Amino acid sequence: MVKVNLKDLWTQPPKPFTEGDLIKAMKNVAKLVEDPLLKQKLKDTTGIGTEATRAGIIQGLLDRGYLVKNGKALAATPAAFSLIDAVPRAIADPGTTAIWEQALDMVQSGEMSLEEFVAKQAAWMSKQVARCNGMRMTITGPASPAGPGAAPWKKKRKAAPRKTAASPKRAKKSPNAG
C-alpha cells in the first residue's frame, strides 16, 4: 500500500509583467509561434520591434489606455482585451510580423519591389477589413488617461521654442582666446 499525503494549496497566478519583462517578451516572441519557419524568422529578426522602438511601443499602449501601471507591474485594461477579441486573429498573431519581415527581406534583396509589397499589404488588409464589415464592436475600458475629451494618441509634449532668424547665434570661443 502507498501512503498519500493530501495538501490543501492554492494556485498562484503568474507574476505580472514589468516593462522590462514585456520588452524581453517582445524580443522573444518566437516562443509563442508554432510554425517552425515563422518561429525561426522571428528569432532571426529579434522579435517584435527593435531595441530602439520597444519602449516606445509600450509607452503608446500606456498612453492609449490599453495598459496601466500598478507600481512597477503592467496590466492590460478591459479595452485591450476587447480589442484583441475584436480584431481578426491574423492581426494579433506574432506570426504575421514574421511574414511581413520575410516580405521586407525580399524587398531589400530585390526579389520583390516596394510597390508590390505595399500592394500585397493593402490587399491583405482590405480582405481583413471586408471580413469585419458590418460587425459591431464595443471596446470598454477606463476613460482616456489624457482626460475627458482629449485624444489619447496625441503627444503630450510641449513643442520646444523655435529659433527665429532674428535670434543672435552665439560665437564659439576659441581655446586660445583670453
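Helices (H or I, at least four residues) and strands (E, at least two residues) are DSSP runs, numbered from the N terminus. Read in this way, the chain has seven helices and two strands, and from the N terminus on its elements run α-α-α-β-β-α-α-α-α.

The structure is a predicted model, in which local features need pLDDT of at least 70 and side-chain atom pairs count only at pLDDT 80 or more, while totals for chains, interfaces and linings use all residues. Residues are numbered from 1 along each chain as its sequence is written, and side-chain values use heavy atoms, with hydrogens and water left out.

## The chain as a whole

A residue is called buried if its relative accessible area is under 20%, exposed if that area is over 50%, and partly exposed in between (1.4 Å probe, protein chains only). Of the 178 residues in the chain, buried residues make up 19%. Contact means heavy atoms within 4.5 Å. Among contacts in the chain between residues at least 6 apart in sequence, 56% join residues at least 24 apart.

## How the helices pack

Two packed helices are described by the angle between their axes and the distance between the axes. Here the axes are lines fitted to C-alpha atoms, for helices over the stretch in contact, and the angles run from 0 to 180 degrees between N-to-C directions. Angles under 35 degrees count as roughly parallel, over 145 as roughly antiparallel, 65 to 115 as roughly perpendicular, and the rest as oblique.

| Helix pair | Angle between axes | Distance between axes |
|---|---|---|
| H1 and H3 | about 120 degrees | 10 Å |
| H6 and H7 | roughly 155 degrees | within 9 Å |
| H2 and H6 | roughly 70 degrees | within 9 Å |

On the H1 side, Glu19, Leu22, Ile23, Met26 and Lys27 take part, and they meet Arg54, Ala55, Ile57, Ile58 and Leu62 in H3. By class, this contact of H1 with H3 has seven nonpolar, no polar and three charged residues, where Ala, Val, Leu, Ile, Met, Phe, Trp, Tyr, Cys and Pro count as nonpolar, Asp, Glu, Lys and Arg as charged, and the others, Gly among them, as polar.

H6 and H7 are roughly antiparallel to each other, and their crossing is right-handed. In this pair Thr96, Trp100, Ala103, Leu104 and Val107 of H6 meet Leu114, Phe117, Gln121 and Trp124 of H7, and the contact has seven nonpolar, two polar and no charged residues.

H2 and H6, in turn, are roughly perpendicular to each other. Their contact involves Leu37, Leu38, Lys41 and Leu42 of H2, together with Pro94, Gly95, Thr97, Ala98, Ile99, Glu101, Gln102 and Asp105 of H6, and its residues divide into six nonpolar, three polar and three charged.

## Helices H6 and H7 on their own

The expected span of a helix is 1.5 Å times one less than its number of residues. Helix H6 (residues 94-109) has 16 residues and should span 22 Å, and its end C-alpha atoms are 23 Å apart, which agrees. Helix H7 (residues 114-132) has 19 residues and should span 27 Å, and the distance of 27 Å between its end C-alpha atoms agrees. H7 is followed by glycine 134, whose phi is positive, near 90 degrees.

Within H6, the residues Pro94, Gly95, Thr96, Ala98 and Ala103 are buried, and the buried residues of H6 pack against helix H2 (36-44), helix H5 (89-92) and H7.

Arginine 54 has its place in helix H3 and is buried, with a relative accessible area of 1%. Not counting residues up to four places away in sequence, arginine 54 touches Ile23, Met26, Lys27, Thr46, Ile48 and Gly49.

Glycine 20, found in helix H1, is partly exposed, with a relative accessible area of 38%. The C-alpha atoms of glycine 20 and alanine 55 are separated by 8.9 Å, although these residues are 35 residues apart along the chain.

Tyrosine 66 lies in the loop between H3 and strand S1 (67-70), and tyrosine 66 is partly exposed, with a relative accessible area of 22%. Tyrosine 66 and proline 78 are 12 residues apart in sequence and 7.7 Å apart in space, C-alpha to C-alpha.

Conventions
A crossing is left-handed if the near helix is turned anticlockwise from the far one by less than a right angle, and right-handed if clockwise.
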